[in-house]
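The following paragraphs examine selected positions in the structure shown below.

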Amino acid sequence: MTRVNVSPLALAAALLCGACACEQPQQSLQLWYNQPAEKWLDAAPLGNGRLGAMVYGGVDTDRIALNESSLWSGEVNAQQDPPFGAKRLADLRQLFFDGKLSEGNRVAAEWLHGDFRSFGTHLPLGDLKIVGQHEGKVEGYRRELDLRTAVNTVTYRVGGVQYKREYFISNPANVMVVRLSADKPGALTFDLQLDLLREAEVKAHEGGMLFAGKATFHKHGVGGVEFGGVVAVSADGGTVASDASASATVRVAGATAATIVIDVATSYQTERYEAEALARADSAVRTAYDSLKAAHVSDYAALFSRVELSLGAASGDKLPTDVRLQKVREGSADAAFDALFFQYGRYLLIASSRENSPLPANLQGIWNDNLACQMGWTCDYHLDINTQQNYWLANVGNLAECHAPLFTYTANLARHGAATAQKVYGCKGWCAHTVANIWGFSAPSQHIAWGLFPLAGSWLASHLWTQYLYTLDKDFLARTAYPLLKGNAQFLLDFLVKDPHSGYLLTGPCISPENGFRYQGQGLSASMMPTGDRALTHEILSACVQAAQALGIDKAFADSAAAALALLPPFEVGKRGAIQEWREDYDEAQPNHRHTMHLLGLYPLAQLSAGRTPQLAAAAAKVIENRLAAEGWEDTEWSRANFLCYYARLKNPAKAYENLQGLYKVFARGNLFCVAPAGVAGADLDIFEFDANEAAPAGMAELLVQSCDGCIELLPALPQQWQSGSLKGLCVAGGGEVDLSWRSGQVQRATLRATADNTFALRHPHSGELITVALSRGEAYQIVK
């Protein structure tokens, strides 16, 4: 294939043609409804990366379900790690090398599980209720969440008076703000009440309310943060009065407008949490509402507006979102709905994870439905796919800053994980297992079937490398990424053991979350180096080699990592034509299992591809085919999103789009949250999980632009339903952003902008040639048909 060196076009020409490829009118990007939410999965989610709220928008009684990201039960547990050690590990491995897998699994199950006495869970705070005073019929009701402004608005008319409510959670002010107004002077009268789910004391305070309590939840162990909060109120006209009784109601009467400010804080990071919450609320309530709103919108839009996506006519915008969703479920074509769902994923990531967030998005993002926390698996951090899926959209979706809380969390987990590596395995470095909390839990989980996964921390650490690949930020690499990657690589190098039979270096014993295999008539979980372990080991060690080279440091360590890479086993294709999940070609204990850990090398890692490894790509496709054909396939929201991403990488747009539609039909609810369905993992009810709302848009982006196979490809897997459209601002590896417009499946205009100095490899969308484009930061290269 010819490789052509091309100089960038003059920037003036690029500007004349327009830096933005989006030629179609902007889509409204609103979720809107003709009625209040009746249940949690209909309510509108708001957030600023710390505070979260679900707004129901009721007329007579409006319910706002409140959350704070660090409102956790539990506490640090110094006894979390089982003292297994290097000698026992060597003995255990010998059982596996001797073919005594049943005995090896018995020993591992007996000894390799952590102490969960104070694990805890994230918890919801409870509700703020706005009880209105209306007489007459409600007319013209509309409830809308504007993704461009992150403001939720409710309007309606009663008795000749037009009422309006606006709700947002400001990152600059770090509080929630609700503005109520009426178009008739003195027509606004309502009560405020708190209905908390936690043990708390509520009292009147200067025309508002204060509350304080402790986040205990004994179902998941002892301990919990202390919390305190405030509801502050100011009114235009009328009166504001607090009832000092136990109910602590606030009454606003005869006003024309009123502003409510809500904050809650915890003792997780500071002892001054109550004073800080009170100070924030006091400052916000004294600030003009228009100024609060303008600062919020400016801050939020600076992130959200980076990306535009148009996939077709937006005629469906005229329909309420719940009606529109139902029509899509019934088979109506609505490509603009796909664009809305994509941008909703970006909205939710901004709402749940900001640079100043104390914690990353958990299993439910930042919105707790009081259901996941009741389950045995809790509302925690699941590190065997769910937490990672939460952030798959961050880089390609031009929200790299939203990744930051995950890296802070990883650094904290690594400090605890160093003790786990030493006590459990006798190894240097750090590791973490399947489940984690805010208290540094890094030990194996309760049960071998899902808990013996010490490379969960490696998967988490791989996000550090992805962040660097997309940004080429060497300061981030040196200060944040490389130290954590090296620490995990030190664990891997110490944990690897030479297989006496093959000579390969293997991890283990470990599981392939959360499936098992059949061996001599038994169902077992643990083996030496499942395929997912192989992919993760390769990713971390190769990242360290490349990072050391980029920084010009640590040659000896990089050489040791490179030597280990050369001794890793290859991916294997089994008797059914599929990539093996384990080193040996075992039969699956659950052929219908939702997890497909052995396809990590396809996505999100980029070790397999249709172009570079076509036989392995075909074997990966066979894995999916076999799973879907298995009786009782465990169809879940995150596995649907996973398959969308797989098919995008396999460049099968029809199958990818089929899985996107399946996500809508089976798992999306009225507010477009996706749920883990009743019947999976012991749940009796549908339970919201954040993962699919992020992973599916990441897969959608891969259908439009890919940069995982050594070059940038435009429209690599375009679905038939998106034959004409445009986008602006999707990111590619190497420090670049892409704008694109296409018609009848053909690129009309493409712009590559450099966010870092680099030479990009780009597959020309018209000739198919692989060209190289050298750009300095801020320069652009454009292709026009």
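In this predicted model, Ala150 is in contact with Leu46, Tyr167, Phe168, His296, Tyr300 and Tyr347, once its neighbours within four places in sequence are set aside. The residue is found in the loop between β7 (138–146) and β8 (151–158). Phe495 lies 345 residues from Ala150 along the chain, and the C-alpha atoms of the two are separated by 46 Å.

Attention now turns to a helix. In α6, which spans residues 321–329, the buried residues include Thr321, Arg324, Leu325 and Val328. These residues cover an arc of only 100° around the axis, and therefore lie on the same side of α6. The general principle is that an α-helix has 3.6 residues a turn, so residues three or four places apart point the same way. Among the elements that cover the buried residues of α6 are β2 (30–33), α7 (335–352) and α18 (653–667). Just after α6, Gly331 adopts a positive phi of about 110°.

A further loop position is Arg669, situated between α18 and β28 (675–676). Is Arg669 buried or exposed? With a relative accessible area of 19%, Arg669 is buried. Apart from neighbours within four places in sequence, Arg669 is in contact with Leu41, Leu325, Arg329, Val675 and Asp686.

Methods. Residues numbered from 1 in each chain as written. Predicted model: local features only at pLDDT ≥ 70, side-chain atom pairs only at ≥ 80, totals over all residues. Heavy atoms only, no water. Buried < 20%, exposed > 50% of the residue type's maximum accessible area, 1.4 Å probe, protein only. Helix = DSSP H or I, 4+ residues; strand = E, 2+ residues; numbered from the N terminus. Arc of directions from axis to C-beta. Contact = heavy atoms within 4.5 Å.
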